[in-house]
Amino acid sequence: MSIELLVQALLNGFGLAMVYVLVALGLTLIFSILEIINFAHGEFYMLGGYVTYYAYALFGLNYFATLALAILTVGIAGVVAERLIFHDLRGKALNAFIVSLGLLWVMQAGAQLAFGVLDKPVPSAFSGVVRLVGLVISVERLVVSLSAIVLIVALYLFLRLSRPGRAMRAVAQDPDAAALQGVNIDAVSALGFGVGCALAGGAGGLLAPVFAVSPAMGALPVVKAFIIIIVGGMGSLPGAVLGGLLLGGVEGLGALFMGSAAVSILGFAMVIVVLLVRPRGLVGGA
Amino acid sequence: MEPRQWEAATPAVGIALITLAVGALPLVTRDSYYLDVATTILMNLTLTMSFRLQVSTGQINMAHISFMGIGAYTSALLVTRVGLSFWATLWIGALVAALLAVPIGSVALRVSGPYYFLITFAFSEVVRLFFNNFFEGLFGGPSGLVGIPKPGRLFGLIFDGKLALYWLMAVIGVVVVVALVRLDYSRFGLTADAIRQADLVVETLGVNVFRFKLTTFVLGSFVAGLAGVFFVHYRQVLHSSDFGLEPMVLLVVFTVIGGTGSVWGPVVGTILMTIASELLRELHHYEILVFGAVLILTMLFAPEGLVALPAAARRVLRKLRARATEPAGVGLAP
Amino acid sequence: MRIRASIATIAMVALVAAAGTRTPSAAEDKTLTIGVLGPLSGGAASYGVELVRGAEMKADEINKAGGLKVGGDVYKIKLVSYDHKALAADAATAANKLVFQDKVKYIIGNAVGATCNAVQTVTEPEKVLFSFVCWGTSNLGPDKPYSFRAMLSQWEVAEPFYRWVKEKHPHVKRVAVISPNDTSGKDTNTAVVKALKGLGFEVVADEYYERGTKDFYPILTKLLASKPDMLDVAAAPAGEGGLILKQARELGFKGAKGWTAGTNPFTIIGVAGKEAAEGVWSPTNINVKSDFVSATVRRFGEEYEKRYKEVPGVIAVANYAAFDVITKAMQDARSLETDKVLTALTQKPFDTVWGKLVLGGKDTYGIDRQFLYPMVISEIRDGKVVDIAQVLPSALKK
């Protein structure tokens, strides 16, 4: 087993990790602000993918404009979902679980009926590969990863510097105190849910050309997102990034040495170990 | 949590009604399909009631269905490879599930709340992947096991037909319901409820919370194992999809929609939701869409579960009646 | 509390009683109810949906022509389809409903290995004819005389396919095989590896991936390190197969490509891209737009696309053909009794969209219940599927 192979394996794992981190960040944002876990999160990812399919593959809009459109559309869908369904479920984890499950089925079945059941390809905006000292990475994946990083940084700045961002952080930390300080909890919840879904939609849009789109495409990313936020720590942005890199590395290297089922078990084993040794996650403190 | 004083008098009535319904069904129909649905309801009932037992202490055990799988594989292998009788493996399978529940539960219970939910979810996936991919010679790999025999004779009774199997599951089901209802109405149930609400306080009152929770975990897993053994000899086919995320999620749905606050919640939830989902089959490829919508609407309009609806309805009626009889100037004339 | 339990009990009894008084539609004269099962939701939905569509197309065709004439009667065909969500237990319940409630004697169409076994526990004892596209070896056998496979499986296809590869492309010596980690994947790899070894190829990789995987870089890095001459995406469905090919190309793979269990070539070309899909050989694809298929097939393809807005894959065609064959057998037998139809099915070849079709497979399964028809090896050239060779099963060679 050459060093080259090992490094390529690591690179493979890291390659798209940042996009899964985006999905994870959306999930953890919603969790921090509304104290619920949205199991339909993967369906918003899928929605972003289909917006990209229609706008970019069929309609011919510019790739980055499409990405912006996907983020915006899914964000609005998130706000609508929160206003209609989730806002009364603040803190009621079990009920939210059932409701989001229902939403998952509605969205997935709806997508199948509306968009058809076959995989729909989305042409790559960027083709070709980059070869460096025997390592390979496709240009497409490079652009996708960089775009994801840009979005993560944008999110960080938004949460740190903007008024709505700071209001969200306040609600995440202590909703009662935030309310006393005049923060409109309802508005922040809706916005938070919207931003969380927008992140998933953006991820879906980024990966649409890489993986094609299908109604059930949201299932796997959401499992990865869970693993990432547990390992990194719920409610922590740097934790999610770290969790993403860790999961990516483990999966990339793991594939070299063991079968796919064993690699999946490895991911879950990581979750169990972290929950036992450091339940707040590696960076968590929320 | 709803106050339960007025419930205290009549668990017996509830049990009697259930037993009556279960016993009366074959008088109403002998149709194979209805018997199959009824048997499925009874199987699911034992699973949801034992799941709810753990929920009553605040544990959402997403690995519950894995113990059903453990019971199933144990019995299937013992019967097909070692030649044991179903009547022995029924208990052995449940015991193996309970035994494995001890270490798994001990580990899982070191965390609580959403972390417990997540760690049990991780465990359930590990168990499923294990049965699906390892020791293929034993567990059948992704193809699963086929040709598992139905239960053998017992005291000369044959258990080949749908009706006989229905009766078997009915007996198991009613026994489980009785046991768990009585447990819930006893001191055990009060302790469980107290733990769910404030386990630190209960700890100071001298209860070993960890041991209590572990007991419910193991007990619940034992019942799940029982259900698993029946399941595998009823269906005669075993595949890891039978105890993966999808069936587990349905168990949670049945329990929560019924209402986790009461031991009767799973009864109402399982029966109504299983019937509803069978009726929805008629919608063919719209089935899942409508089912999802039903979930959303039910949870929004009955957040405490269906079992709490009559009480909620009564409260609304009381309010309306009170307003109607308000004196002077405001509101309606009597 | 009394009220709650009463509500539950009364509801259950009432619903059951009410539903029981429903008139089963198949009891009416002159309607033939046929069942279709499959995963109609979730990740495997494309299989189930194609099965239903294939059946619908043929049923509508027959009904439009005035109905199915069997013996002296004319029947209108009614299709009943249920979604089993790829869960074995659900499939058993759905089968129970079809057989005991809807009173069907024919279930034409099912996919996903374990569900076939589950359905068979219901259909075999009731002598219900069950035709499916499941690829598990245990799905056919002398103990299951009423079960059929309507599509060539890896056991029929792998050996002749690789025999052709060996003959026409002798430079291919090292083969890597990859399939999803489920029943059909396992059986396909087993069959392919057996064929490869029997023919003297070197199997450099026999890999599995979890269904739903999209990122194959990790597994491909390992696989390609063993320097295969040919990459067979075996039982991968079109979307995942396309991704494997696309990513293999990105990682530098330039060798031969195969798709032993191909289903929908248009999807794989779309997902993989023209360059990555270039040169893919498949013994099971059907290209409904090719110049080599009969006019019937092309018409089927056009109508299907008009009606469903998607191009049909081999599963839709297979179920369309199965429906065709079974209804023709009913007419030959002049009866709807499954035993008589069974005899009629095994007696002679049929003319179908595939060409001549006959039941065979006794050597492999112990009983003749596998649909055998000309296997067409195709190659993808410049984004189009080109048929290049036809292999007749020995049963049709006489």
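Buried area is the accessible area (1.4 Å probe) that two parts lose on being put together, summed over both. The model shown is predicted, so that local features need pLDDT of at least 70 and side-chain atom pairs count only at pLDDT 80 or more, while totals for chains, interfaces and linings use all residues. Residues are numbered from 1 along each chain as its sequence is written.

View 1. I98(A), W105(A) and F268(A) supply 19% of the area that chain A buries against chain B, more than any other three residues. Contact (heavy atoms within 4.5 Å) involves 29 residues from chain A and 37 residues from chain B.

**View 2. Confidence along chain C.** The pLDDT, the predictor's confidence in each residue from 0 to 100, averages 88 over chain C, where 92% of the residues score at least 70. Over residues 1-9 of chain C the pLDDT is below 50, although this stretch has 26 contacts in the model beyond near neighbours in sequence. Residues 15-28 of chain C likewise stay under 50 in pLDDT, and for them the model has 18 contacts beyond four places in sequence. The model scores ipTM 0.90 and pTM 0.89.

Notes:
Chains lettered and ligands numbered in written order. Heavy atoms only, no water.
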